Amino acid sequence: MDKVSRTLMLFHALTQGEKVNKADFAKRNGISERSFDRDIEDIRNFLAEIHAAGEIRFNKADNVYYLSDWNNRKLSSIEVITIMKVLLGAKVLRKDEMQGLATSIRMMTDPMARKEAVNSIYSELDNYVSPVHGKAILKMLEDLTFIIQKRFKIDIIYTKATGERIERRILPLIFIFSDFYFYLIAFIDGAEYKYPAFFRVDRIERFKMTDEHYSERLYEKYNAAKMRNCLQFMYAGELLQIKVKCKNKAVEAFKDRLPNHWLIADEGEWKVYGAKVFGEGFIRWALSQINYVEILEPLSLRLEFLKALNKIVVLYKN
């Protein structure tokens, strides 16, 4: 058994409440006890990274490892309030879906803290307004998750922002949330694209799973962990390495928007940064920063920004 499968099997056993004996597990899987120790350490590191409540403990008397507080952990009132505040602010779900999700989250709360959590968010939830598209999307996200895990191609009917309906066979890679919407990131089957396309999930009229698979290597190359920091703006196009000059008052907004940035120069009132972005979306964001952000490189992006700015000037002159 390979290391990944073995570690997952060990993790699964621990999450099911099993007490695992090192010598027995090592013998059963044909590994050394030192390899077992490394597997345990990998799981401990993973639990720490996701801030899990449970931790792996060792019982000397029985010579076994077990996972503590895994199934009994309840959310505190402030955790529930925080989760719901984020969801309400994101405004991504239809009201009935939001109410159902709120009920599920409340049931995960410690009974002693539940009333406090409910009272805090009840008014906001009651006055919550569904997004304009008015579509239920949780079931679609569930189905897409299954399809992505199995690496199937799908046929979709999609409505563009212009109202045009198109049909495409696509290779779905990941879906992510950004600025009020979920987006499906996928390659169009048969098209020669260096980078994937972006589809707003609520604009997918329907989709059908095919019996065709796509390469696991494609998924690994463009998975969420590698792409997320470049996907701040949901517009397709070429991935660019940019150079931007930011006034100090815009630095925080720039850093939050582009977590893959790096500092090139500190000029006192201004900072010069590099980053990787998909161009069109960045131009739209840069326009919102008035004169606090200047695109330095590449020249093509700078000229595109100037063209967009000129269109706004013409609009207001008229």
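**View 1. Thr145 sits in helix α7, residues 138-150.** Helices (H or I, at least four residues) and strands (E, at least two) are DSSP runs, numbered from the N terminus. The model is predicted; local features need pLDDT of at least 70, side-chain atom pairs count only at pLDDT 80 or more, and totals for chains, interfaces and linings use all residues. Residues are numbered from 1 along each chain as its sequence is written, and side-chain values use heavy atoms, leaving out hydrogens and water. Thr145 counts as partly exposed because its relative accessibility is 30% (buried is under 20%, exposed over 50%, partly exposed in between; 1.4 Å probe, protein chains only). A polar atom of its side chain lies 2.8 Å from the backbone oxygen of Leu141.

**View 2. Four strands form an open sheet in the order β10-β11-β9-β12.** Pairing is antiparallel (two strands pair if DSSP finds at least two bridges between them). The edge strands, β10 (262-266) and β12, each pair on one side only.

**View 3. Strand β9, residues 239-247, has a covered and an uncovered face.** Leu240, Ile242, Val244 and Cys246 make up the covered face. The uncovered face holds Leu239, Gln241, Lys243, Lys245 and Lys247.

**View 4. β9 pairs with β11 (residues 270-278) over nine antiparallel bridges.** Here Lys247 stands opposite Trp270 of β11. Four bridges join β9 to antiparallel β12, residues 293-297. In β12, Ile295 stands opposite Val244, and Glu297 is the bridge partner of Lys243.

Conventions: Polar contact = N/O pair within 3.5 Å; in protein donor to acceptor, adjacent residues only side chain to side chain.
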